[in-house]
There are 2 protein chains.
Amino acid sequence: MIRIVIIGAGNVGQHLISAFAKSDTVEVIQVFTRNPKTVSSIDNPVKAVHSYAEIMEADLYIISVSDSAIAEVSENFLFENKLVVHTSGSAAMDDLDAKNRKGVFYPLQTFSKSKEVNFREIPMCIEAENPADYQILELVSKTISDHVFNISSEQRKALHVAAVFVNNFVNHLYQIGYVICSENNIPFEILHPLILETADKIISLSPKEAQTGPAKRNDTQTINSHLSFLSDTTRKEIYRILTKSIIDNGKKL
Amino acid sequence: MIRIVIIGAGNVGQHLISAFAKSDTVEVIQVFTRNPKTVSSIDNPVKAVHSYAEIMEADLYIISVSDSAIAEVSENFLFENKLVVHTSGSAAMDDLDAKNRKGVFYPLQTFSKSKEVNFREIPMCIEAENPADYQILELVSKTISDHVFNISSEQRKALHVAAVFVNNFVNHLYQIGYVICSENNIPFEILHPLILETADKIISLSPKEAQTGPAKRNDTQTINSHLSFLSDTTRKEIYRILTKSIIDNGKKL
């Protein structure tokens with residue numbers, strides 16, 4: 001049995017606790033949170049502590065706190081030479097304090113407290129300072145996910161930027177679609193099938209093959225009519241730069 | 001039986017032919033294409049003609065050609081006072097020639113020749129000059145779709161702009177994610193679960209509730225690190241304007 005302590009009980013921490021609860025080879029023996037109130041909302045009750053002195057001996061410590069707190073939390077540990085990882089897409093492995101063996105255990109997914117996810121589908125991006133620790137992380141990852149990738153800190157940074165484009169920015173384009181609908185008394189639900197199909201297409205077609213629309217066709221008349229429809233300056237600017245980028249991208253073919 | 005002639009055998013036309021083939025109340029009696037070669041690729045063989053003189057008498061004529069050809073095609077018809085509709089999201093109903101009764105029959109979805117879609121899930125946006133014709137369009141729509149909406153030309157224009165944001169532009173953001181992955185030797189498939197979950201979230205959460213990421217948190221350090229990672233000028237500009245828009249949007253809450 002691999003014994004794990006989870007540090008932090010935010011979205012990622014809580015989803016990890018639920019995922020590990022189904023495992024036979026891994027046990028979450030403790031959760032550390034600075035704020036005692038956070039723990040009460042954890043579905044799978046595990047022993048929770050709030051002071052560094054109470055943290056138990058374990059095979060793996062998974063820090064899932066905000067990026068800016070990773071360094072401080074890892075410095076505060078009272079133990080040494082243990083395997084300590086963080087779950088961040090953007091923090092470097094070296095943000096972790098050097099007194100312990102470092103690694104990264106990054107589940108590449110967007111987590112909401114209110115929405116269950118199937119962890120087996122989530123790509124686990126792992127990295128460790130030495131091969132033995134990598135093997136532990138690989139074993140632990142495989143108990144919860146079917147998709148485990150060896151991703152260096154450099155690649156993880158690229159991946160995080162890519163994730164911002166395909167998740168954060170995509171969601172913001174949904175938001176713009178939502179606002180345009182409300183302003184014109186159209187239920188946003190009318191766009192749901194299009195949104196789902198747009199995402200689904202990418203599983204079988206490359207984004208370049210899947211691209212359609214006025215920018216792809218360089219249909220200046222429709223583009224100009226859309227630009228004059230958009231009164232909001234920022235939306236106009238977003239329309240303009242994305243259209244330009246699609247046109248330029250087509251030329252590179 | 002409502003007898004339909006379909007004009008044009010592009011993506012939309014061919015998907016309509018397949019969808020109507022399953023209907024008991026609607027029959028596609030003929031397909032008109034200017035280019036005889038197009039028709040050979042139609043799955044459901046229906047009588048195809050290539051000259052306006054051969055077009056049969058029908059209850060409904062559905063023009064699914066490129067926006068710029070709608071006016072010309074509808075002018076070329078040799079009959080009068082028939083119900084003639086187009087399937088375009090962006091063309092006005094009045095692009096149709098006035099000698100026939102006008103309407104719009106717009107399936108709000110992205111169609112690829114190579115990918116089947118479930119037409120019953122596709123929102124049909126319909127519009128007609130008079131109530132009797134609207135009823136015909138409603139009846140025809142309901143034989144293929146469970147989601148029929150009365151959408152005016154004004155609303156349809158807004159909807160088309162919104163669709164450009166949530167489909168064309170979203171797909172282009174996938175493309176940027178794809179390029180960032182290839183440049184860093186990361187398989188794009190690693191982003192598939194995130195892409196699907198991002199779309200899926202929108203069915204149960206509003207885009208505002210679903211928004212996460214450095215821009216939402218106004219995390220200047222991560223934003224700047226991402227901007228310096230991006231070497232391509234256009235990608236940098238897209239990152240900047242979308243980040244600004246998310247931050248401004250948060251302030252409006």
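Contact here means heavy atoms within 4.5 Å. The model is predicted. On this criterion, the interface draws 84 residues from chain A and 84 residues from chain B. The area buried between the two chains is about 8,300 Å². Carbon and sulfur atoms give 71% of that area.

Polar contacts were examined next. Across the interface of chain A and chain B, 30 residue pairs are in polar contact, with both residues at pLDDT 80 or more. Several elements of chain A give two or more residues to the side that touches chain B. They are the strand β7 (123-128) and the helices α5 (153-183), α6 (192-204), α7 (207-210), α8 (220-229) and α9 (233-251). The greatest contribution comes from α5(A), with 25 residues. By class, this side of chain A has 46 nonpolar residues, 28 polar residues and ten charged residues. Salt bridges between chain A and chain B number zero.

The structure holds two cavities of 30 Å³ or more. The largest cavity has a volume of about 70 Å³. Ten residues line the largest cavity. Of these, A:Lys208, A:Gln211, A:Lys216, A:Asn249 and A:Gly250 lie nearest its centre. Two or more lining residues come from each of α7 and α9 of chain A and α5 (153-183) of chain B. In this lining α9(A) gives the most, with three residues. The lining of the largest cavity divides into three nonpolar, five polar and two charged residues.

The second largest cavity holds about 40 Å³ of space. Its lining also takes residues from both chains. Chain A supplies A:Thr198, A:Lys201, A:Ala210 and A:Thr212. Chain B supplies B:Thr110, B:Asn167 and B:Asn171. At least two lining residues come from each of α6 of chain A and α5 of chain B. By class, the lining of the second largest cavity has one nonpolar residue, five polar residues and one charged residue.

Salt bridges were also counted for the whole structure. Over all chains, the structure holds 21 salt bridges, against zero between chain A and chain B. One of the salt bridges joins the side chains of A:Lys82 and A:Glu57, at 2.9 Å from N to O. This pair links distant parts of the chain, with the two residues 25 residues apart. A:Lys82 sits in the loop between α3 (70-76) and β5 (83-86) of chain A. A:Glu57 sits in the loop between β3 (48-49) and β4 (60-63) of chain A.

Definitions and conventions: Residues numbered from 1 in each chain as written. Chains lettered and ligands numbered in written order. Heavy atoms only, no water. Buried area = accessible area lost by both parts, 1.4 Å probe. Salt bridge = Lys/Arg side-chain N within 4 Å of Asp/Glu carboxyl O. Polar contact = N/O pair within 3.5 Å; in protein donor to acceptor, adjacent residues only side chain to side chain. Helix = DSSP H or I, 4+ residues; strand = E, 2+ residues; numbered from the N terminus. Nonpolar A, V, L, I, M, F, W, Y, C, P; charged D, E, K, R; others polar. 1 Å grid on protein atoms, 1.4 Å probe; cavity = no way out; pocket = protein on both sides within 12 Å on 5 of 7 lines; lining within 4 Å. Points joined across faces, edges and corners; volume = space filled by probe spheres on them.
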